[in-house]
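Have the fold open while you read.

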Amino acid sequence: MLRSRHLAAVAGAIALAAGLTGCSTTVHLEPAADANDPACANVSVLLPDSVGGYERVWTDAQATGAWGDPTVVLRCGVEPPAPSDLVCTTLGGVDWLVLEQEEERQRLVTYGREPAVEVIIRRGEQVDFQSIVDSLSSNIQSGLAPATAQCTDRVEFPAS
């Protein structure tokens, strides 16, 4: 009798775990080429639970983070950008290149750090881009590799 209660309890726990897992949202993302760099692990553990009012959702790729559904995506381990004439701004103590605006998203990549971190913010909603990137920068700065280059011509963060 005791054994059957034990088996029933185990079966119930497994069913409950399966049910709870079905309720969680996991976002599919592609990891960056150098996502396995130890510096990305340092960044990953510093990702905040929320940014810009968006709660964190779980991802299935190494060295990534997502918030919203996802409205904001972070990938560590992207290729560091070369010197560029793109807009370069400093937010939260981190230099970011603001990549060409795309129709549905805005991308930024850390400048002067290897591995580089990319932030993608979906457009079309009331999103405070500067606040989101500033918050992420402040959270992950201590986990980033030291800067080996910096913006030479910083500009204020461009309006969304």
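1. Let's start with the S1 pairing: S1 runs parallel to strand S3 (residues 54-59), and 2 bridges link them. Within that pair, Thr 26 sits opposite Trp 58 of S3. Strands here are DSSP runs (E) of at least two residues and helices are DSSP runs (H or I) of at least four, numbered from the N terminus. Two strands count as paired if DSSP finds at least two bridges between them.

2. Before going on, a word on the ground rules. This is a predicted model, where local features need pLDDT of at least 70 and side-chain atom pairs count only at pLDDT 80 or more, while totals for chains, interfaces and linings use all residues. Residues are numbered from 1 along each chain as its sequence is written, and side-chain values use heavy atoms, with hydrogens and water left out.

3. S3 has other partners too. Strand S2 (residues 50-51) runs antiparallel to S3, joined by 2 bridges, and Ser 50 has Glu 55 as its bridge partner. The S2-S3 hairpin has 2 residues between the strands, and Gly 52 takes a positive phi near 55°.

4. On to strand S4 (residues 64-67), which is antiparallel to S3, again through 2 bridges. Arg 56 is bridged to Trp 67 in S4. This hairpin has 4 residues between its strands, and Ala 63 in the turn shows a positive phi of about 60°.

5. Now the largest nonpolar core, which has 26 residues; Trp 67, Val 72, Leu 74, Trp 96, Ile 121, Ile 132 and Leu 136 touch the most other members. (A nonpolar core is a set of buried Ala, Val, Leu, Ile, Met, Phe, Trp, Tyr and Cys residues joined through side-chain atoms within 4.5 Å.) Two or more residues come from each of helix H2 (38-44), strand S5 (72-78), strand S7 (94-98), strand S9 (116-122) and helix H3 (129-140). H3 gives the most, with 5 residues. Apart from this core lies another, of 7 residues, including Leu 29 and Ile 120.

6. Finally, look at Ala 35, in the loop between strand S1 (26-27) and H2. Is Ala 35 buried or exposed? It counts as buried because its relative accessible area is 5%, and buried means under 20%, exposed over 50%, partly exposed in between (1.4 Å probe, protein chains only). Leaving aside neighbours within four places in sequence, Ala 35 is in contact (heavy atoms within 4.5 Å) with Cys 40, Gln 62, Ala 63, Cys 76 and Gly 77. The C-alpha atoms of Ala 35 and Pro 115 are 8.3 Å apart, with 80 residues separating the two along the chain.
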